[in-house]
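Dear colleague,

I am passing on the structure we spoke of, and I would be grateful if you could look through it alongside the notes that follow.

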Amino acid sequence: MLAPLMLLIFINDLDEEINSHISKFADDIKIFKEVRNSADCSQLQPDLDKLVLWAQKWQMEFNVDKCKVMHVGNTDDSSTYYIKGSELTNVSCKKD
């Protein structure tokens, strides 16, 4: 019963200085932002970089192979995002 509490305390500062929305559940993190233009795209990548710096500070690693970018909506967003130099796989979820 103590392990979940310890994890929450450990990752409590994860979202400091992150401008995007972030969702934390156990060892799963989701970062999301409404992207309407290229300026929104350029704001998301620095947040990903900050998460990587946080992980390095605490000697943790993101499993980049499990990290994905999901686009929801009608627009065809061709933005590319990276974690530690690796391009993230895009997953589309088109609205009709």
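**Pockets and surface**

The second largest pocket is lined by Asp13, Leu14, Glu16, Glu17, Lys50, Leu53, Trp54 and Lys57, and please bear in mind throughout that this is a predicted model. Sorted by class, that lining has three nonpolar residues and five charged ones, with no polar residue among them, and the volume of the second largest pocket comes to about 170 Å³.

The largest pocket, for its part, holds about 1300 Å³ of space. It is lined by 38 residues, of which Ile29, Lys30, Ile31, Lys68 and Val69 are the closest to its centre. As for where the lining comes from, strand E2 (28-32), helix H2 (38-57) and strand E3 (68-73) each contribute at least two residues to the largest pocket. By class, the lining of the largest pocket is made up of 23 nonpolar, four polar and eleven charged residues.

Turning to the outer surface, there is a nonpolar patch formed by Leu2, Leu5, Met6 and Ile9, which together have about 420 Å² of accessible area. One of these residues, Ile9, belongs to helix H1, which covers residues 2-10. Is Ile9 buried or exposed? Ile9 counts as exposed because its relative accessible area is 55%, and the cut-off for that class is over 50%.

With best regards

Conventions: Residues are numbered from 1 along each chain as its sequence is written. This is a predicted model: local features need pLDDT of at least 70, side-chain atom pairs count only at pLDDT 80 or more; totals for chains, interfaces and linings use all residues. Side-chain values use heavy atoms; hydrogens and water are left out. Patches are made of residues with over 30% relative accessible area and no salt bridge: like charges are joined within 9 Å, nonpolar side chains (Val, Leu, Ile, Met, Phe, Trp, Tyr) within 5 Å. Accessible areas come from the Shrake-Rupley method with a 1.4 Å probe; for residues, only the protein chains shown count as cover. A salt bridge is a side-chain nitrogen of Lys or Arg within 4 Å of a carboxyl oxygen of Asp or Glu. Helices (H or I, at least four residues) and strands (E, at least two) are DSSP runs, numbered from the N terminus. Buried means under 20% relative accessible area, exposed over 50%, partly exposed in between (1.4 Å probe, protein chains only). On a 1 Å grid over the protein atoms alone, a cavity is a set of points where a 1.4 Å probe fits but cannot get out, and a pocket is an open set with protein on both sides within 12 Å along at least five of seven lines; lining residues have an atom within 4 Å of a point. Grid points are joined across faces, edges and corners, and a volume is the space filled by probe spheres set on the points. Ala, Val, Leu, Ile, Met, Phe, Trp, Tyr, Cys and Pro count as nonpolar, Asp, Glu, Lys and Arg as charged, and the others, Gly among them, as polar.
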